Structures are given as C-alpha cells and as structure tokens.
Amino acid sequence: MNAIVTPIKSEILVVIGNGMVGHHCVEQLIERGALARYQVHVYGEERQRAYDRVHLSEYFAGKDAEALALGDAGLYARHGVHLHLGEAVLEIDRERREVVTATGRQPYDRLVLATGSYPFVPPIPGAEGRSRLVYRTLDDLDGIREAAASARRGVVVGGGLLGLEAANALKSLGLEAHVVEFAPRLMPVQLDADGGAALRARIEALGVGVHLSRATQEIVVGEEYAYRMQFNDGEFLETDLIVFSAGIRPQDALGRAAGLEVAPRGGVVIDNDCRTSDPAIFAIGECASWNGSVFGLVAPGYSMARNLAALLAGQPHEPFTGADMSTKLKLLGVDVGSIGDAHAATPAHAATASSTKPAPATGAWWSPPMASTCWARCWWGTTATTTPCCNTPRTASSCRRSPRA
Ligand SMILES: Cc1cc2nc3c(=O)[nH]c(=O)nc-3n(C[C@H](O)[C@H](O)[C@H](O)COP(=O)(O)OP(=O)(O)OC[C@H]3O[C@@H](n4cnc5c(N)ncnc54)[C@H](O)[C@@H]3O)c2cc1C
C-alpha cells in the first residue's frame, strides 16, 4: 500500500501587506512550488483581499471590490496560505523572530515587508475630516463618495498624475472639480513649462479648474461652500471637500521601529536581493528603498516580488537592478507621454541643451499616427531621441515636421 506523504513545511514565512506587490510575491511563491517548503502567513491591514490599486478609479465607474480583486478568491486557501485580513502587524520582534498583532504573536523564519506607501498630507491648519481626504484605498474612495453625496464642489491638492486622476474622479461623481498645485505647472515632475501649459489647456477644457503656484496656508469655514482654502498670495478658493494628492511616503514604520536600516528619505534599505539589514527580513514594493530610490510604481515592485520569490524558492534568481519608471496619465480623453529627461537635468541633456537649437527642454510636440490626443515629448541629440517614440525611430527633424500644440 502506498503511504500518503505530507510534505513537511520546515520554515514559516510571514508576508506583511496584502497589497499588489505582497500578493504578487505570494502568487509567485505558489507558482514556483515554494509552498512545499514554507508555511505562509499573510497579514493585510485592509479589510479587502489584494486588489488592483492601479485601477482604483474604476471603483467610481461601477466596479466593486470583488471586480478589482487580484487572483481568485480561493487561491490562498487552496494552497494552504493563511490570510489574516483586517489584521495589522503592530510590531516586529526581531530577537524572538515574531510579528505582533492585536490578536497575538506569529513566529517567523523569514519575513517579507510589503507594506506599500501612505499619502502625504501637508500639515495645514484646519485640514480635517472632509477637508483632509486622501486617494489610496477602497475605504478612502468610500469616504470620498460619501462626502461627495452632499457636495457641489471638490478640490484636489496636487496636480501630479494621481491628483489629476482624483480630479477626474470628483468630476465623475458630479462635482465641480478643481486642482490646486504648488508648482507653476501641472505634472511638474514629468513635464516642462510648455508641456505643462498644453496639459493645463486640455484639463481646463475638460471643465476642471486649475490653480497653479498656490500654497494653502489655512483651511477655514467657508461662506458659499463648507470650507475656504486660504492661499499664500491672499487669494482663496471655497469647496465642500478636499482630497490631498501631494505625494506618497514609504510605509516603513515597522522596519524603522524594529531597527532596520532606513534610507534618509524613507524606505527600508534593501540590497539587490531585496534583503534588509537583517538577513531574515526582506522588503519589496513601495516600502523598500533600493540604491537610494523608492519606486512609486507597480512594475518595479512586481519585479522585486518575482526575484524574491525565486530566491525564497531556492531557484536561480535575477538581482534587482532598478526599473523602468515610465508613467501614464489616466484621464479621460488626455493621454500624456513624457520620455527622456523632461527637465534636461542630466549632464548629457544639459550639454545638448546648450549646443542644439532648439534646446531639448523646448522640444517638439508630435502626434503618433494612432492617437489624436497622445503627445510625446521628443528629445534629440541623445539615444532617447531616436528610439522610443511609439516604437517608431524618429529624429528631431521628423518630430518637428509633425508638430502639434
Ligand atoms: C489611484 C492610484 C492609481 C495608480 N496608478 C498607477 C499606475 O497607473 N501605474 C503604476 O505603476 N502605479 C500606479 N499606482 C501605484 C501602485 O498602486 C503602487 O505602486 C502599488 O500598489 C504598490 O504596491 P505595494 O504592494 O508596494 O503597496 P500597496 O498596494 O499599497 O499595498 C500595501 C499593503 O500593505 C498594507 N499594510 C501596510 N502596513 C501594514 C501593517 N502594519 N500590517 C498589515 N498590512 C499593512 C496596506 O494596508 C496595503 O494594503 C497607483 C496608485 C493609486 C492609489
């Protein structure tokens, strides 16, 4: 008679964070057969199982939490992964190799931090409740929806990629939407002055108010609307709700408190194997700082997750060596592409700026053949110029032959 052999799971692996990257890591561990070796416990602070945060805005277009969820509902149970939802890890006890939650302690042999980021809200007097909303989780969106139900006007603080997406969401909820940006242009990280001006025109044409070079000093009770945002230049804007989209910060509090090395600008420091300063602890996704950088995008996190899962499975693995940081604005009717060094800040671009007319920072707009509203900034004098424009090799002159303003 054949005996049934149950594999002995010799090690306990704890994953903190059931967001996009933590989930991808678990999927990869399953795929690579690592579950034969590890008993896996996943802790997620949010109530919902991992969901597609990149497409969070679709929640306002009718998708529910289940439609946004990643992987099928039975995946973890089928593979014996213990999922603890709505249970935040409060502390890492490195000496005893245990994580502490409100319900008890869980020992680990290896620990993966995948705690993501949290939205940064500048300390503005008067920002609280409906004048201090953020745009990161399903619960945040429930809060915005609830506030919007009795509102006429909504303001987003921050004119970056996420801020514009949030403004679009406010519009979709039937509000008059405004964006307040500290910098003198929209998407200041990706666009130069000309690009910012073109984008502003498009955004205003969509019916979104744009207020640039404005720093909110105080939020007080409004006269026509619930709140009045008092700006540094003496002007003001009234609104019924305020969503802050002023950047994110790596959620590194657990690692910091446990004495792991943390980068000066935040994020748990990792090496090319995603290993922290404690060899038993790894960090992936937006909570990790590699080579001084924190990646606020999902693709680098997925690549860390894949590499780490291979390492944990004892398989050949690639070192993490950085990532493609290309980004896309997801706003109805306006596709914006920014490639190359948008501010001509690197030495190569700076040299080109001084030797080429017109300078890269004032390069040409062009429209790729397949999209009437897709623009890309093309740089010349560098390899970035001639290769990546919609996969069609273009030189400065061919870009300039098809300008679009
Ligand atoms: C509206 C929106 C649009 C976006 N669009 C894009 C896009 O177009 N392209 C792109 O590349 N990226 C985009 N992003 C960013 C992308 O979502 C993130 O890069 C990605 O989610 C990072 O994954 P992560 O697992 O590191 O963090 P997260 O997905 O944030 O997951 C971290 C999880 O850990 C949990 N957690 C934190 N602390 C604890 C604790 N102590 N105990 C237990 N659990 C904990 C958190 O609650 C969270 O669920 C967008 C983000 C938002 C909000």
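Q: What should I know before I start?
A: This is a predicted model, in which local features need pLDDT of at least 70 and side-chain atom pairs count only at pLDDT 80 or more, while totals for chains, interfaces and linings use all residues. Residues are numbered from 1 along each chain as its sequence is written.

Q: Is Leu311 buried, exposed or partly exposed, and why?
A: A residue is buried if 20 or more other C-beta atoms, placed from the backbone, lie within 10 Å of its own, exposed if 12 or fewer, and partly exposed in between. Leu311 is partly exposed because it has 18 C-beta neighbours inside 10 Å. Leu311 belongs to helix α8 (residues 298-312); helices are DSSP runs of H or I, at least four residues, strands are runs of E, at least two, and both are numbered from the N terminus.

Q: How do helix α1 and α8 pack?
A: Two packed helices are described by the angle between their axes and the distance between the axes. Axes are lines fitted to C-alpha atoms, for helices over the stretch in contact, and angles run from 0 to 180 degrees between N-to-C directions. Here α1 (residues 20-31) and α8 have axes 8 Å apart, at an angle of about 35°.

Q: Where does the ligand lie relative to domain 1 and domain 2?
A: Domain bounds come from an automatic or database domain assignment. The ligand lies between domain 1 (11-118 + 248-312) and domain 2 (129-244), because both give residues to the shell around it.

Q: Which residues are closest to the ligand?
A: A residue is near a molecule if its C-beta atom, placed from the backbone, lies within 6 Å of it. Of the 36 residues that surround the ligand, the closest are Gly17, Gly19, Val21, Gly116 and Gly285. Elements giving two or more residues to this shell include α1 and α8.
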